[in-house]
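Biologist: Please take a close look at the sheet in this model. Then set the sheet in the context of the rest of the chain.

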Amino acid sequence: MSGRRSARSGRGATGSPPAEHGPARTPAGQDTTIVLTQPSAGGPAVPGPAAADAPHIHPTAIIESGVTIGPQTAIGDGVHVRGPSGIGRECIIGEKTHIADDVRIADGVRINTHVHICSGVTIESSVMIAAGVIFTNERYPRAADYPGEATPSTPTPEALKTVVRIGATIGAGALIGPGIDIGPWAMIGMGAVVTRDVVPHALMIGAPARVAGWVCVCGTPLGGAAVAAPALCKRCGRGYRVVYGPRGRILSPLEGDP
Ligand SMILES: CC(C)(COP(=O)(O)OP(=O)(O)OC[C@H]1O[C@@H](n2cnc3c(N)ncnc32)[C@H](O)[C@@H]1OP(=O)(O)O)[C@@H](O)C(=O)NCCC(=O)NCCS
Ligand SMILES: [Zn+2]
């Protein structure tokens, strides 16, 4: 099916922020543990990545112990990654982004500047997260446990898990509520407040975010929320059908993603 699509080679590797070689700065008393990840399960067994494959980490980034970073990933100025967390290969982590502990980021993920990713977030491959996106994980947070002591900064048992599935895009300044599942290839508009799970390929806007339309794998709009007939992407030719399921009416790809 690739013959009818425009090529998007090098995704995740182009447009990277300036990255510099050099040692990562670590909090006092902590070791830097950068573990180059190996090819995912099922891939060929190969020796460890060559130096040219090493992640590019800006000298001002803080990478805590227990963090794993895959080959050819670029970590920008002032990024802070708390451990344990994992970042895959060929990712771009934009400057001043904060990644908490217990965050899992797969391969080819592009994160712009000033993004806050809290504990318990999983980001699947080829996801794009634009500038200023904020994730949350507690619904009714308090600074202290009344009556009692201040709550620890580590996640409480009430902290909820969020997953952003393959290929999804989250627009600038969007707020992602606790415990949200954002479906594959969904597109969240800038400034949206996402309070409910998002179905695959949905275009979501507003506060609270609602389905405003449907978007192809390639990012092209497929029609408004009320599209009634099967859709064909004008740009890449992928076909979609209307499906009725437990989560309502959705557009589903004819041939499977991507
Ligand atoms: C949601 C989005 C995909 C819609 O794009 P679009 O289909 O071209 O929409 P239009 O600009 O034609 O706007 C259609 C309507 O939706 C409104 N609208 C557009 N984006 C909106 C948003 N994010 N939230 C609320 N309303 C929005 C417009 O005001 C317009 O309403 P109107 O007809 O009453 O004036 C786009 O606006 C967006 O948010 N993209 C993400 C941008 C981003 O964050 N990029 C990050 C990397 S630079
Ligand atoms: Zn398309």
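Modeller: This is a predicted model, so some caution comes first, by the rule that local features need pLDDT of at least 70. The mean pLDDT of the protein is 83. Of its residues, 78% reach 70 or more. Residues 1-33 stay under 50. The model still has 57 contacts for that stretch beyond four places in sequence. Residues 35-47 are also below 50. Their contacts beyond near neighbours in sequence number twelve.

Now the sheet. The protein has 26 strands and zero helices. Ten strands build an open sheet with mixed pairing. Read across, the order is E1-E4-E7-E10-E13-E16-E19-E21-E22-E23. The edges are strand E1 (56-57) and strand E23 (221-224). Each edge strand has a single partner strand, so one of its sides has no neighbour in the sheet.

Inside that order, take E7 and E10. They pair in the parallel sense over two bridges. Ile93 stands opposite Ile111 in E10.

Glu90 sits in the loop between E6 and strand E7 (92-93). Its phi is positive, near 55°, and Glu90 is not a glycine. Is Glu90 buried or exposed? Glu90 counts as buried, because it has 22 C-beta neighbours inside 10 Å and the cut-off is 20 or more. His114 lies in the loop between strand E10 (110-111) and strand E11 (116-117). Its phi is also positive, about 55°, again in a residue that is not a glycine. His114 is partly exposed, with 18 other C-beta atoms within 10 Å.

Two peptide bonds deserve a check as well. Gly83 to Pro84 is cis, with omega near 0°. Pro84 belongs to the loop between strand E5 (80-81) and strand E6 (85-87). The bond joining Ala207 and Pro208 is cis too, with omega about -5°. Pro208 falls in the loop between strand E21 (202-205) and strand E22 (210-215).

Next, the ligand. Which residues are around ligand 1? They are Ala130, Gly171, Ala172, Met187, Gly189, Met190, Gly191, Ile205, Gly206 and Pro221. By class, the shell has six nonpolar residues, four polar and no charged. Ile205 is in the shell, and strand E21 spans 202-205.

Strand E25 (residues 239-245) pairs with strand E26 (residues 248-253). The sense is antiparallel, over six bridges. Two residues lie between E25 and E26 in this hairpin. Tyr240 has Pro253 in E26 as its bridge partner.

Last, the whole chain. The protein has 258 residues, and buried ones make up 38% of them. Among contacts with a separation of 6 or more, 29% join residues 24 or more positions apart.

Methods: Residues numbered from 1 in each chain as written. Chains lettered and ligands numbered in written order. Predicted model: local features only at pLDDT ≥ 70, side-chain atom pairs only at ≥ 80, totals over all residues. Near = placed C-beta within 6 Å. Nonpolar A, V, L, I, M, F, W, Y, C, P; charged D, E, K, R; others polar. Helix = DSSP H or I, 4+ residues; strand = E, 2+ residues; numbered from the N terminus. Buried ≥ 20, exposed ≤ 12 C-beta atoms within 10 Å, placed from the backbone. Pairing = 2+ DSSP bridges. pLDDT = per-residue confidence, 0-100. Contact = placed C-beta atoms within 7 Å.
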